[in-house]
Amino acid sequence: MPQRSVLITGCSSGIGLDAARTLKARGWRVFATCRQQADCDRLTAEGLESFRLDLADEDSIAAAVAEVVARTGGRLDALYNNGAFACPGAVEDIPRGALREIFETNLFGTHDLTRRVIPLMRAQGHGRIVNCSSVLGLVGATWRGAYVSTKFALEGLSDVLRLEMRGTGIEVILIEPGPIATKIRENAVPHFERWIDWEQSARRDQYAALRGRLYDKKTNKDAFELGPDAVTAKLIHALEHRRPRARYYVTTPTYIAGFLRRILPTRLLDRAIAKG
């Protein structure tokens with residue numbers, strides 16, 4: 001049996017980095033991609049195969065897929081679409097440019113990359129496409145409208161692709177984490193500062209709590225927060241089980257959100273979310 005191969009996006013830290021290290025230890029050939037070359041160099045130094053892939057750049061995506069083809073001879077067993085970022089702020093304060101930017105990475109780039117690897121998987125007669133969504137792809141939450149909208153869109157696109165891939169040997173799978181210990185909050189600060197004019201907002205006073213969460217050093221874990229390894233555990237099942245599930249929930253809040261979304265009318269669900 002040839003060594004199984006997987007391409008992972010967003011490997012500089014957190015969920016992507018843990019997945020890359022763990023799968024390599026399990027015998028996978030891992031292509032651990034990052035947006036910044038410095039991060040790729042760091043991962044290469046620790047023994048991972050790493051090269052640049054910027055989901056907001058079509059040429060970068062094309063070059064990364066070409067690199068995989070050159071290194072494997074055209075084989076790719078799995079794609080783990082993990083790369084994404086957040087731009088916090090009230091929906092009424094999110095300008096068009098901010099939505100355009102976050103969709104370029106979280107959805108359009110992910111879709112572009114997926115389309116480019118499907119022909120490889122079709123030719124070999126099998127493959128796994130795993131999309132890292134979120135509990136925020138199941139239910140909304142205040143201050144997270146931009147991120148929520150990309151994850152809702154990713155959920156819908158994944159559901160249709162799963163239906164369309166029936167009979168091809170290509171499985172399409174969603175992983176939906178809740179609170180995970182990553183740098184997503186820290187990495188959101190530049191996007192918040194670039195796009196959200198909070199001082200001119202009708203919600204200016206309400207931004208104090210949001211800014212505190214963004215800028216204050218985190219000292220305690222969020223409620224029900226787990227480490228990235230909890231996501232990797234579900235990823236392993238999605239990649240290695242003979243019959244993977246269509247969806248994998250990670251963390252208690254995701255199970256609760258999924259249950260409440262099925263049983264509650266919208267207004268009651270809104271109340272439940274508002275209460276936290």
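**Figure 1. Burial of Thr110 in the predicted model.** Thr110 has a relative accessible area of 5% and is therefore buried, the cut-off for that class being under 20%. This residue is placed in helix H4, which covers residues 96–124. The structure shown is a predicted model.

**Figure 2. Contacts of Thr110.** With neighbours within four places in sequence left aside, Thr110 is in contact with Leu55, Asn81, Gly83, Thr105, Asn131 and Leu154. Contact here denotes heavy atoms within 4.5 Å.

**Figure 3. The second largest pocket and its lining.** The space in this pocket amounts to about 270 Å³. Its lining consists of 15 residues, and those nearest the centre are Arg162, Arg166, Ile170, Glu171 and Pro244. Strand S5 (residues 170–177) provides the largest share of the lining, with 4 residues. Sorted by class, the lining residues of the second largest pocket are 6 nonpolar, 3 polar and 6 charged.

**Figure 4. Overall setting of the close-up views.** The secondary structure of the chain comprises 10 helices and 6 strands. The radius of gyration of the chain is 19 Å, in agreement with the value near 19 Å for a compact globule of 276 residues. Along the principal axes, the C-alpha atoms occupy a box of roughly 60 × 45 × 35 Å. Buried residues make up 46% of the 276 in the chain. Of the contacts between residues at least 6 apart in sequence, 69% link residues at least 24 apart.

Notes. Residues are numbered from 1 along each chain as its sequence is written. This is a predicted model: local features need pLDDT of at least 70, side-chain atom pairs count only at pLDDT 80 or more; totals for chains, interfaces and linings use all residues. Side-chain values use heavy atoms; hydrogens and water are left out. On a 1 Å grid over the protein atoms alone, a cavity is a set of points where a 1.4 Å probe fits but cannot get out, and a pocket is an open set with protein on both sides within 12 Å along at least five of seven lines; lining residues have an atom within 4 Å of a point. Grid points are joined across faces, edges and corners, and a volume is the space filled by probe spheres set on the points. Helices (H or I, at least four residues) and strands (E, at least two) are DSSP runs, numbered from the N terminus. Ala, Val, Leu, Ile, Met, Phe, Trp, Tyr, Cys and Pro count as nonpolar, Asp, Glu, Lys and Arg as charged, and the others, Gly among them, as polar. Buried means under 20% relative accessible area, exposed over 50%, partly exposed in between (1.4 Å probe, protein chains only). The radius of gyration is taken over C-alpha atoms; the globule rule is 2.2 Å times the number of residues to the power 0.38.
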